[in-house]
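Student: I want to learn how to read charged side chains in a fold. Please take me through some cases.

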Amino acid sequence: MAGKAQSLCWRYSLLTLLLMVSACNMQQKALSGAIAEAPSTAVLRPGWTVIAPGLEWREIAQDNDQLNQLKILRIDPRNYAFRAKYSPARPYSLAQWRAREPEAAAIANANFFDPSYMALGLVISDDQAYGSPYLERGGSFVVISGRAAVLANHSISNRNLESAEQAIQGFPLLVENGEQAYFGQAKQERARRTAVAEDAAGNILIISAPLLGPTLRDLSAYLAESDLEIETAFNLDGGGSTLLAVRDIDYFQPSFDTVPAILAVYKR
């Protein structure tokens with residue numbers, strides 16, 4: 001939920017962080033094994049690792065700060081399809097979502113939500129709409145006529161959203177037209193983050209900061225200035241809701257809290 005996602009740092013003790021670092025080290029070992037078996041054309045860090053045609057992985061430790069890692073999944077929509085899944089009556093953990101969506105190549109958390117697990121903003125799952133859309137703040141990930149896109153909400157109309165087959169929303173907008181879009185002056189806290197973006201080539205990027213990630217302002221600046229060639233990006237629920245699973249490399253970053261909405265990725 002919105003307040004929770006922006007002020008969770010105090011909840012996590014040093015022990016929790018150490019456990020998370022240990023978990024990420026184990027995941028890194030699993031990923032290293034996957035890299036060793038990757039095609040010879042795969043590019044190792046700091047570039048992209050090819051998981052499968054149309055699916056690539058990258059890890060970045062900003063300023064060599066291992067607590068400020070970004071895990072980035074780059075997806076070619078020509079090879080992969082997207083579905084929003086929503087279950088407000090019974091939110092699920094990552095393991096439960098994976099059990100419900102066994103064919104998903106990747107799963108990430110989506111919208112912010114209120115204490116009753118109702119999504120904030122709009123969710124469209126298989127043409128069924130839930131919630132009230134944000135039209136002036138944040139961004140939308142949409143699938144319209146089979147095409148996936150990340151859009152700034154102030155640039156689209158409710159009619160555009162009504163034509164979507166799939167949609168999730170979040171805030172704030174982080175990148176627009178390749179430029180930094182968030183300059184918030186309020187107190188900034190480092191926290192776990194989830195974001196979704198579209199790059200100049202039309203790829204969709206799912207971005208996760210699984211440990212003590214950047215502030216929103218720093219994330220906005222980094223995504224705009226990096227070599228990721230991002231055109232549009234927005235923030236999804238973070239903090240205890242941040243989760244990411246990438247099946248083919250056995251990367252599983254569970255959330256602390258159960259979540260009612262996810263974005264799932266499937267091989268076409």
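Tutor: Start with arginine 58. Its relative accessibility is 8%, so arginine 58 counts as buried. The cut-off for buried is under 20%. Keep in mind that this is a predicted model.

Student: Which side chain meets that of arginine 58 in a salt bridge?

Tutor: The general idea comes before the case. Side chains of opposite charge can pair when their charged atoms come close. Here the partner of arginine 58 is aspartate 227, at 3.0 Å from N to O. The pair links distant parts of the chain, 169 residues apart. Arginine 58 sits in strand S2 (residues 55–61). Aspartate 227 sits in the loop between helix H5 (216–225) and strand S15 (230–235).

Student: Is aspartate 227 buried or exposed?

Tutor: Exposed, because its relative accessibility is 52%. Read each end of a pair separately. Arginine 58 is buried at 8%, whereas aspartate 227 is exposed.

Student: How many salt bridges does a search of the whole structure find?

Tutor: It finds 8. One of them joins lysine 71 and glutamate 59, with the closest N and O atoms 3.2 Å apart. Lysine 71 belongs to strand S3 (residues 69–75) and glutamate 59 to strand S2, 12 residues apart. Lysine 71 counts as buried because its relative accessibility is 3%. Glutamate 59 is buried too, with a relative accessible area of 8%.

Student: Which side chain forms a salt bridge with arginine 83?

Tutor: Aspartate 126, at 2.4 Å from N to O. Arginine 83 lies in strand S4, and aspartate 126 in the loop between strand S6 (123–125) and strand S7 (128–130), so the pair ties together parts 43 residues apart in sequence. Arginine 83 is partly exposed at 28%. Aspartate 126 is partly exposed at 35%.

Student: What is the nearest side chain of opposite charge to arginine 192?

Tutor: Aspartate 257, 7.8 Å away. A salt bridge needs a distance within 4 Å. Arginine 192 is buried and has no salt bridge. Look at backbone oxygens next. The side chain of arginine 192 reaches that of proline 210 at 3.0 Å, and that of glycine 239 at 2.8 Å. Arginine 192 is in the loop between strand S12 (179–180) and strand S13 (193–199).

Student: Now the nonpolar side. Which residues of the largest nonpolar core touch the most other members?

Tutor: Trp57, Leu73, Ile75, Phe82, Phe141, Ile206 and Val246, out of 35 residues in that core. Strand S4 (residues 80–86) gives the largest share, 4 residues. Apart from this core lies another of 20 residues, among them Ile72, Leu216, Leu219 and Tyr222.

Student: What is isoleucine 206 in contact with, beyond four places in sequence?

Tutor: Its contacts include Leu73, Ile75, Ala108, Ala195, Leu244, Leu263 and Val265. Lysine 71 is also on the list.

Student: Step back. How many helices and strands are there in the protein?

Tutor: There are 5 helices and 18 strands. Of the 268 residues, 54% count as buried. The accessible surface comes to about 11,700 Å², and carbon and sulfur atoms hold 52% of it.

Definitions and conventions: Residues are numbered from 1 along each chain as its sequence is written. This is a predicted model: local features need pLDDT of at least 70, side-chain atom pairs count only at pLDDT 80 or more; totals for chains, interfaces and linings use all residues. Side-chain values use heavy atoms; hydrogens and water are left out. Helices (H or I, at least four residues) and strands (E, at least two) are DSSP runs, numbered from the N terminus. Buried means under 20% relative accessible area, exposed over 50%, partly exposed in between (1.4 Å probe, protein chains only). Lys and Arg count as positive and Asp and Glu as negative; His and the chain ends are not counted. A polar contact is a pair of N or O atoms within 3.5 Å; within protein, one must be able to donate a hydrogen and the other to accept it, and residues adjacent in sequence count only if both atoms are side-chain atoms. A nonpolar core is a set of buried Ala, Val, Leu, Ile, Met, Phe, Trp, Tyr and Cys residues joined through side-chain atoms within 4.5 Å. Contact means heavy atoms within 4.5 Å. Accessible areas come from the Shrake-Rupley method with a 1.4 Å probe; for residues, only the protein chains shown count as cover.
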